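Please look at the structure below with its sequence beside it, and keep both in view while you read.

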Amino acid sequence: MTGTFNTVIQLIYLAAASCFVLGLHLMNNPATARRGNQVSVAGMVAAVLATGVLVIHLGVIDTTGWIVIGAGILVGGGLGLQAARKVRMTAMPQLVSIFNAVGGGAAALVAIRDFMSIGSGVAASVSVPTVLDVIIGSVTFSGSIIAAGKLQGMITSAPVTIPGARILNLLLALVAVGGGVYVIVSPSMIGLGVVIAASLVFGVSMVMPIGGADMPVVISLLNAFTGTAVAMAGFVINNTALIIAGALVGASGGILTKLMADAMNRSIANIMLGGFGSGDAPVAVEGAGGAGVQSIAADDAAIQLAYAAKVIIVPGYGLAAAQAQHEVAALADLLESRGVDVSYAIHPVAGRMPGHMNVLLAEANVPYPLLKEMDEVNPEFARTDVALVIGANDVTNPAARRPGTAISGMPILDVDAAKSIIVIKRSMGHGYAGIDNELYTNPKTSMFFADAKKGLAELTASVKTLVA
Amino acid sequence: MLLTDFIIFVLSLWVGFEVISKVPATLHTPLMSAANSIHGIVLAGAVVIAATAHNVIGYILAFVAVAFAAMNVVGGYVVTGRMLKMFKRRVAAPVAPAVGPSPNGSSTTSSATIGKAAS
C-alpha cells in the first residue's frame, strides 16, 4: 500500500518536472510562451498538492503545522500577487531579485530546519547538501536583497568599495567553507550558525562593489545560485521535483550569466571583483558641442526620418530611464504609416536584466517581430537610411573594434554602417565605460540634443507637420 | 539514494542547457522570471518541514519558509504571465498567421544566434 502510494507521488513529481521542461521549451517562441507559462503553473500546482497529500499520508503533521502552512501561503502568496500586479516594467529587475532572495532564503531554511531536527549523527549524504544549501541559499538571500536595493536606488548603484574588501571577501568565504567542512565532520548548531552568518555577510560584500551597468550579470548569477540552492534542498529532503526544478533554473541562470558577460566582453570573475561597471546615469558634465560634432534641429531630423525607406531605432537604458518607451513607439508607428520600414536593434545588455528592453518596448505595444537581436540586425545597418540612437552609448561605440580601449572586443551594434545617424542625447556625456563615443564625431552623425522623451515628442510632432 | 539523486541533478542540468539555449533574447526577461517561479517549487520542501515541525522554532522557520516560497511561486507566475501577455505580433491588425506558432522560422534563427554567442 505504502509502496504504491509513494510510486504515485513520485510519478506526479515526474509529471510536474516534465511540465517545467515543456513550459521552458515553449518559451522558445513568443507565440507559444504564454502556453508554456500555463503548463508550468499546472506542474507546480500538481507538485505542491501531491506534497500536501504526502504529508497527510505520513500522518506526522499537527494542527499547528496546517495553520503555519495556510498562514504562510496566504501572507506570502498575497504579497507576491500584489507585487506582481503592481510592479512597473522598468522595476522588473528589482522584483526578480526579490523573488531570487526569497527563493534562496526558503531553500536555506529548509536545510536549516532539517539539520535541526536530525541533529548529530547525520550521514554525509545529507550533511554535504545541507551545508551547500545553507551557504548558497544565504549568499543568494542577502546578495539579492542588496541587488534589489541598488536597482531600486535605495542603495547607491555606484560600486561601494572599502579598503581591504577583497581580503574581507576571501576571509568570509574561508569561514563559510571552513565552517561548512567542520559542520559536516562534527555536526553542531553553533557551527551551522557561523556558516549562516558568514554566508549572509559574504552576499552583501559580494554585491556592494558591483556597479549598476553590471546588474544584468549579477541578477543572472544570483538566479543560477537560487536554482542550485533549491536543488540542494531537494537532496536534503530527498525530493526529486526540487532537484530537477532547481537544476533547470541553475542551467537557465548559468546560460544567461554567460551571455551577459560575453555581451560586455568581460569575465564573470572580473565583474564580481568590481571594475568599470560604475554608476547609474552618466553624469552630464560637459556641455553640448565638442570638436567635429554636428547638431541637428528637430525639423531637419524629422525630414530625414520621414523620407527614409528604412529606419533602425537603437534604444538603450537611457530610453527606459527617461520613460520614453511610449514616445518612441508613437514615432515608429507614425513612420510606419508613411511606409517607412522601422525596426529596433536591441543589444543584449540594453537594460538592467537580460531581455529587459524587449519587455519595455512590448509594453509600449511594439510588435515583437520588430525587435531584432544584435547578430540578426547588424548586417541590416548597411541598407539602412537612418539609424536613430536613443539613450544607447557604449554599445554603439566603434572604438570597441580597435584594441587598447576600455571597451575593446565588446560586441557592438554596427550603427556607423548606416547611411545617416541621428543620436538623441542630452549632452556629450560619457557612457559607463567613461570614454568618448567615436560615433558622435562621425561625419554621418547628427546630434539632436534633447531629453529622450521630449525629443521624441518633438520629432513626432515635426513629422506630423510634414504629412499635413 | 544520493547517487541516483546526483544523476538526476546532472541530467536535469543538461536538459536545462539544451532547452534554454533555444530561447530567443527577446524573451530573456520572461524566461528568467519563469525560471524564478519554477524554483518556487521549494514550497513543496517548505510544506514538508512544516509537517515535521513540533516546536516553536520549527513552526517559525516553517512559516517563514512557506511564506517566502509562496511569494516566490505566486508572484513569479503572475508577473511572467503579465509580461508575456504584452508580447504581440501585431497590434490590432488582421495578420493572417497571427496566432499560429511558427517554431521553424524564428526559433531556428534565434537558437543559432544564441548558440554562437554562448560558444
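Begin with helix H9 (residues 240-263) of chain A and H2(B), whose axes come within 9 Å and cross at roughly 155°; here axes are lines fitted to C-alpha atoms, for helices over the stretch in contact, and angles run from 0 to 180 degrees between N-to-C directions. Because of that angle, H9(A) is roughly antiparallel to H2(B), a word kept for angles over 145 degrees. The crossing of H9(A) and H2(B) is left-handed, which is said when the near helix is turned anticlockwise from the far one by less than a right angle. Helices are DSSP runs (H or I, at least four residues), numbered from the N terminus.

The model is predicted, so that local features need pLDDT of at least 70 and side-chain atom pairs count only at pLDDT 80 or more, while totals for chains, interfaces and linings use all residues. Residues are numbered from 1 along each chain as its sequence is written, and chains are lettered from A and ligands numbered from 1 in the order in which they are written.

Which residues bring H9(A) and H2(B) together? On H9(A) they are Ala245(A), Leu248(A), Val249(A), Ser252(A), Gly253(A) and Leu256(A), and these meet His28(B), Leu31(B), Met32(B), Ala35(B) and Ile38(B) in H2(B), where two residues are in contact if their C-beta atoms, placed from the backbone, lie within 7 Å. By class, this contact has eight nonpolar, three polar and no charged residues; Ala, Val, Leu, Ile, Met, Phe, Trp, Tyr, Cys and Pro count as nonpolar, Asp, Glu, Lys and Arg as charged, and the others, Gly among them, as polar.

Now step back to the chains, where 90 residues of chain B are in contact with 106 residues of chain A. On the side of chain B that touches chain A, H4(B) gives the most, with 28 residues, and the residues of that side divide into 56 nonpolar, 26 polar and eight charged.

Chain B itself has five helices and zero strands. Of its 119 residues, 51% are buried, meaning that 20 or more other C-beta atoms, placed from the backbone, lie within 10 Å of the residue's own.

Chain A, finally, is assigned domain 1 (1-86), domain 2 (88-280) and domain 3 (298-467), with bounds that come from an automatic or database domain assignment. The contact between domain 1 of chain A and domain 2 of chain A takes nine residues from domain 1 and six residues from domain 2.

Key: Helices (H or I, at least four residues) and strands (E, at least two) are DSSP runs, numbered from the N terminus. Angles under 35 degrees count as roughly parallel, over 145 as roughly antiparallel, 65 to 115 as roughly perpendicular and the rest as oblique. A residue is buried if 20 or more other C-beta atoms lie within 10 Å of its own, exposed if 12 or fewer, and partly exposed in between; C-beta atoms are placed from the backbone.
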